[in-house]
Amino acid sequence: MQQPAITGTGVFTPSQVITNDELVVAFNAYVDRYNAENAGEIAAGRVEAKAHSSAEFIHAASGIEQRYVLDKSGILDPAVMHPWLRERSDEEPSQMAEMAIDACTQAFEMAGKTGADVDAVICAASNHERAYPAIAIEIQNLLEIQGFAFDMNVACSSATFGIQVAADMIRSGSINSALVVNPEICSAHLEWRDRDCHFIFGDVCTALLIERAQDAKGPHFLIKSTRCATQFSNNIRNNNGFLRRTRHGQMDDRRDMQFMQNGRKVFKEVLPLVSQHIAAHLEAEAISPDTLKRLWLHQANKTMNDYIGKKTLGRPPAAHEQPNILQDYANTSSAGSIIAFAKYSNDLKSGDTGLICSFGAGYSVGSVIVERS
Ligand code: COA
């Protein structure tokens, strides 16, 4: 059996930033407009007035301070409240492929490899720009990669599930290397007019080059073990899909066509699921939690991460043991734990062990035990 290793990482970060203060100013202007436009209905008790958001609440409830987005002009326009993302023609690279090329190129540079060294591309993300051809095949084509490519979606756990798939193919010998790439355009599936969640997401793309350890040219991380689990839940849901047009005969503005969540229930149900999953994975691999040098956790909510870190290590983790990127990037779905890994892993020493873990809609949870080499 071959030993898979992460040899390169890349993070594409959009150039535009929205701070909590900017976001709240725009949201509150939208609320004032809405309440003024619906003043009669609100006074008659037929429509509920919308409430203002607050930057203090956002930071206290989530730990988020800002988010990167592909377009802030539309999101911050109270008359628009969504990003303006130009629809690409069939002759142009898709938006997701464009982000992916940037992240994959960084991963190649780090590993000292090119598209000629890659056998497969997995585009693992929580939303895909189109049904087919697969975004992954477009990325494969743009990077001049032979072999095969496919898209997969396990929501916030897409990246870790993608790592397991790539690692399994390398272990079995069916391929020698794979790119796992996670272009997450979360701004396009977030309802920016919903006070309960308008602050949650940002855009990003991460990439990992996974190869046989024997092919690594520089320092790398051995993938020692992977474990995936799912358990059905409606508490995080997006009903958008190909039946959208036919169900109602026309495009509509239904709230459930964007990200929906019952945040409190997610909080309560996902925490035990994830802590138990990590504990069982470590136990099965005979790894004592106190030997873990780093946790790269899914980045959705700081309180959640602090809880999982404490449950895993049996004590509150020091900041360097469980790096957060949430304050800068917000929740970037499947890419969050990979951003943390890409930015905070180079200092580990040979033999150090760490754990990447993602969790989210499905519910889904994926953990990857890695060792610096
Ligand atoms: N500004 C000001 N107040 C707000 C607000 C906003 N933007 N949004 C909600 N509030 C208010 C609510 O109205 C509520 O007021 P009330 O107590 O008077 O009813 C109060 O703040 C608490 O709201 P609640 O939604 O219960 O907050 P919370 O502490 O549960 O935090 C989340 C909300 C979403 C940050 C939190 O539940 C969470 O992170 N859950 C998990 C999310 C997650 O991981 N999802 C996975 C996605 S991939």
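Visitor: By class, how many nonpolar, polar and charged residues does the shell around the ligand have?

Guide: The model shown here is predicted. Among the 19 residues around the ligand, Ser53, Arg195, Gln261, Arg264 and Asn301 come nearest. By class, the shell divides into nine nonpolar, seven polar and three charged residues.

Visitor: Which helix gives the largest share of the shell around the ligand?

Guide: Two helices, H3 (55–62) and H8 (263–284), each supply at least two residues of this shell. The largest share is four residues, and the helix that provides it is H8.

Visitor: What percentage of the area that the ligand exposes when taken alone does the protein bury?

Guide: Arginine 264 places a polar side-chain atom 2.8 Å from an oxygen atom of the ligand. Backbone atoms also take part: a polar one of arginine 195 is 2.9 Å from a ligand nitrogen atom, and an N or O atom of glycine 263 lies 3.2 Å from a ligand nitrogen atom. Taken alone, the ligand exposes 980 Å², and the share of this that the protein buries is 71%.

Visitor: Which strand gives the most to the lining of the largest cavity?

Guide: The lining consists of Ile6, Thr7, Gly8, Thr9, Met110, Phe221, Ser345, Asn346 and Arg372. By class, three of these residues are nonpolar, five are polar and one is charged. With four residues, the strand that gives the most is E1 (residues 4–12).

Visitor: How much space lies in the largest cavity?

Guide: The count of cavities of 30 Å³ or more comes to one. The space in the largest cavity is about 40 Å³.

Methods: Residues numbered from 1 in each chain as written. Predicted model: local features only at pLDDT ≥ 70, side-chain atom pairs only at ≥ 80, totals over all residues. Heavy atoms only, no water. 1 Å grid on protein atoms, 1.4 Å probe; cavity = no way out; pocket = protein on both sides within 12 Å on 5 of 7 lines; lining within 4 Å. Points joined across faces, edges and corners; volume = space filled by probe spheres on them. Nonpolar A, V, L, I, M, F, W, Y, C, P; charged D, E, K, R; others polar. Near = heavy atom within 4 Å. Polar contact = N/O pair within 3.5 Å; in protein donor to acceptor, adjacent residues only side chain to side chain. Areas by Shrake-Rupley, 256 points an atom, 1.4 Å probe, with all protein chains shown as cover.
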